[in-house]
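Reader: I am new to this structure. Please take me through its cavities, closely and in short steps.

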Amino acid sequence: MMLFWLALAQIRFEAMPPPGFVLRNHATADKQLIETMPGGVGVFDYNGDGRPDLFFANGAAVPSLRKEGAKDANRLYRNDGNWKFTDVTESAGVAGEGYAMGVAAGDFDGDGHVDLFVAGVYRNQLLRNLGNGKFEDVTSKSKIKSDEWSVAAGWFDYDGDGRLDLLVANYGKWTAAENRYCGDSARHLRVYCHPKYFAPRPNQLYRNLGDGTFEDVSVKSGMALSKGRGMAVVFADYDGDGRLDAFVTNDNLPNFLFHNLGGGKFEEVALLAGVALLDHGRPVASMGADFRDYDGDGRPDIVVTALNGETFPVFRNQGDGTFRDQTFASQVARLTNTKAGWGVGFVDFDNDGALDLFTANSHVNDLVDQFEAAAYLQANSVFRQAEKGKFAAVENSGLEKAVAAHRGCTFADVDGDGRVDAIVTVLDGAVELWRNVSPAAGHWLVFDVPLGTQVEVDGRKQRMMSSLSYASSAHAGLHFGLGPNAEPRRVVVTWPSGKQQVLEKVAVDQRVSVPR
């Protein structure tokens with residue numbers, strides 16, 4: 001019966017009317033690299049009404065890096081239900097400043113309201129949620145710097161003190177004045193320059209001091225020793241030692257895996273762990289990432305997006321502190337060889353108990369078709385995990401109807417029907433809202449728990465972390481697909497402190513707020 005049900009399961013999406021946001025990247029004839037790289041999106045419940053709301057990072061004029069009015073504002077949309085949204089940017093006070101790139105959602109001050117960090121080009125912002133529908137810009141007070149081109153960020157408690165710390169992924173040295181000409185001058189075809197022309201920079205780690213301020217511990221922790229071109233940051237306890245580790249993708253450089261040694265120290269171990277490079281030994285244009293257990297063996301794995309011809313790397317956790325390149329074995333190499341990806345996520349879209357794979361696709365260069373057999377505008381992709389550890393193409397998912405310059409993406413059950421939906425940003429275009437209308441989807445449970453909390457259902461473990469994809473964030477609970485079995489479940493919750501709590505006979509098809 002189970003196999004028959006699995007055979008019937010499908011993944012389908014329906015495009016919903018967008019809320020009105022258009023990502024303005026301010027493309028210029030000078031082809032400044034920052035123009036092709038914005039697009040972070042965050043989903044979180046800013047007003048505590050139980051519905052996930054949407055926040056979008058937006059661009060600014062180039063080279064001034066100043067927002068030119070309302071069209072350049074970062075945008076917050078309140079979810080009113082039934083796929084209706086209200087723009088509350090002005091009343092919430094989140095229009096922002098500068099050329100914004102990424103979003104990280106997390107309750108950094110522990111007051112029960114989810115706050116926002118917005119990463120940008122030499123302008124970062126920390127927005128404290130006051131709990132009354134408004135945010136306060138506390139960047140200056142927090143002592144968080146704005147001295148790098150920051151693309152992404154993520155919240156995690158690296159030292160186990162109960163407070164969320166912040167890791168900021170920085171890309172490279174860039175100034176408008178130093179922009180070189182790249183492309184074919186004879187044909188007057190100017191393109192965005194290769195990343196090699198942008199000197200790598202260290203990432204920044206900020207320790208939460210608990211009084212609204214942060215200490216820059218990048219050097220003290222050991223993270224500043226590693227320089228890269230950071231694009232995404234994701235977290236997991238990959239070696240099961242009880243401490244959260246960090247994975248950072250690097251554009252055309254080896255990726256970083258920062259192993260948390262305890263005592264406030266990290267060691268960069270990506271090469272030894274097998275996630276710095278694919279088996280061929282060459283760096284790729286690593287962009288988005290997700291860090292969770294896709295094959296159900298209890299160990300968090302890694303997926304990364306890259307450019308056409310590079311495939312999207314998949315690294316399977318071996319359980320001994322190392323990973324194995326499973327890009328070909330998982331079938332992802334075959335499925336993604338002709339695609340270029342940015343946002344990405346492991347999500348159980350059909351609620352069969354196995355995580356599927358979603359990628360937001362488009363090339364970096366808008367004139368790529370003039371130089372190689374590749375398309376700039378591409379459709380997004382969803383690949384179903386129909387066999388353990390192996391993915392397959394989904395025919396007629398609905399995603400193929402929208403070809404665009406996709407960038408960031410995030411995921412949440414926007415309408416509360418138990419199926420996870422997708423939100424994708426588009427350069428110089430309207431955001432895409434993809435409603436999950438998969439038929440015969442299974443039962444489900446969603447758990448509202450603090451960041452860092454692990455939940456186990458049916459032997460499968462997931463940890464609540466908000467950073468994922470490319471420059472994006474999802475703070476909308478832990479979603480478990482349960483298949484056709486409607487029986488109540490036994491749930492094991494492991495809090496960030498390590499204390500465990502067991503919930504017996506939890507009824508399916510509901511959202512659960514776990515009391516501590």
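Author: This is a predicted model, where local features need pLDDT of at least 70, side-chain atom pairs count only at pLDDT 80 or more, and totals for chains, interfaces and linings use all residues. Residues are numbered from 1 along each chain as its sequence is written, and side-chain values use heavy atoms, with hydrogens and water left out.

A search of the whole structure gives 2 cavities of 30 Å³ or more. A cavity is a set of points, on a 1 Å grid over the protein atoms alone, where a 1.4 Å probe fits but cannot get out; lining residues have an atom within 4 Å of a point. Volume is the space filled by probe spheres set on the points, which are joined across faces, edges and corners.

Start with the largest cavity. It holds about 310 Å³ of space. Its lining has 23 residues, and Arg-292, Phe-411, Gly-477, Leu-478 and His-479 lie nearest the centre. Strands E22 (289–292), E26 (341–347), E32 (406–412), E37 (460–463) and E40 (478–483) each give two or more residues to this lining. Strands here are DSSP runs of E, at least two residues, numbered from the N terminus. By class, the lining has 14 nonpolar, 3 polar and 6 charged residues. Ala, Val, Leu, Ile, Met, Phe, Trp, Tyr, Cys and Pro count as nonpolar, Asp, Glu, Lys and Arg as charged, and the others, Gly among them, as polar.

Now the second largest cavity. About 40 Å³ of space lies in it. Its lining includes Asn-255, Arg-282, Pro-313 and Phe-315. The classes here are 7 nonpolar, 2 polar and 1 charged.

Key
On a 1 Å grid over the protein atoms alone, a cavity is a set of points where a 1.4 Å probe fits but cannot get out, and a pocket is an open set with protein on both sides within 12 Å along at least five of seven lines; lining residues have an atom within 4 Å of a point. Helices (H or I, at least four residues) and strands (E, at least two) are DSSP runs, numbered from the N terminus.
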